[in-house]
Amino acid sequence: MQDYKDPRQWLPKMTRRRFFTSAGAAAVATSGLSQFAAADDLVRVDENDPTAKALNYVHDAKTVDAAKRASDRYCYNCALFEGESDDEWAACGIFPGKAVAGQGWCSVWAPKAPK
Ligand code: SF4
């Protein structure tokens with residue numbers, strides 16, 4: 001006869017493997033939540049990203065050949081730069097979920113409308 005007062009009789013038996021698998025799943029779920037909470041911390045665009053390369057994006061606009069870029073064109077004064085003009089990094093509509101350098105540039109540059 002089963003003794004219902006003794007939890008060892010009715011609780012599911014958990015092996016060491018099942019315990020650590022559950023703990024691992026909980027850790028993954030928790031890390032996912034923390035990433036969600038830190039959504040404002042955008043990943044910086046990698047200059048070697050295929051889109052960045054196709055658009056000639058660089059973190060430092062001053063490294064671009066003068067024949068390709070007018071000297072007054074930077075991400076911070078581009079219409080697609082989503083930050084303030086003095087932000088070092090901010091989102092850009094060309095690179096969803098990523099940040100570009102305020103001092104950067106790419107060939108999509110367009111003048112920011114005056115405020
Ligand atoms: S679209 Fe504008 S803000 Fe975005 S990377 Fe190019 S120059 Fe910079």
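How many nonpolar, polar and charged residues make up the shell around the ligand? By class, the shell holds twelve nonpolar residues, one polar residue and no charged ones. Here Ala, Val, Leu, Ile, Met, Phe, Trp, Tyr, Cys and Pro count as nonpolar, Asp, Glu, Lys and Arg as charged, and the others, Gly among them, as polar. Of the 13 residues around the ligand, Cys 75, Cys 78, Leu 80, Cys 92 and Cys 106 come nearest (near: C-beta atom, placed from the backbone, within 6 Å).

The model is predicted; local features need pLDDT of at least 70, side-chain atom pairs count only at pLDDT 80 or more, and totals for chains, interfaces and linings use all residues. Residues are numbered from 1 along each chain as its sequence is written. The protein chain averages a pLDDT of 78 (the predictor's confidence in each residue, from 0 to 100). Of its residues, 65% score at least 70. Confidence is lowest in helix α2 (residues 16-37), at a mean of 39, and highest in helix α3 (residues 50-54), at 97. Helices (H or I, at least four residues) and strands (E, at least two) are DSSP runs, numbered from the N terminus.

An open sheet of three strands has mixed pairing and the order β1-β3-β2 (pairing: at least two DSSP bridges between two strands). β1 (43-44) and β2 are edge strands with a single partner strand each, so one side of each lacks a neighbour in the sheet. β2 and β3 run antiparallel, joined by four bridges. Ala 90 stands opposite Val 100 in β3.
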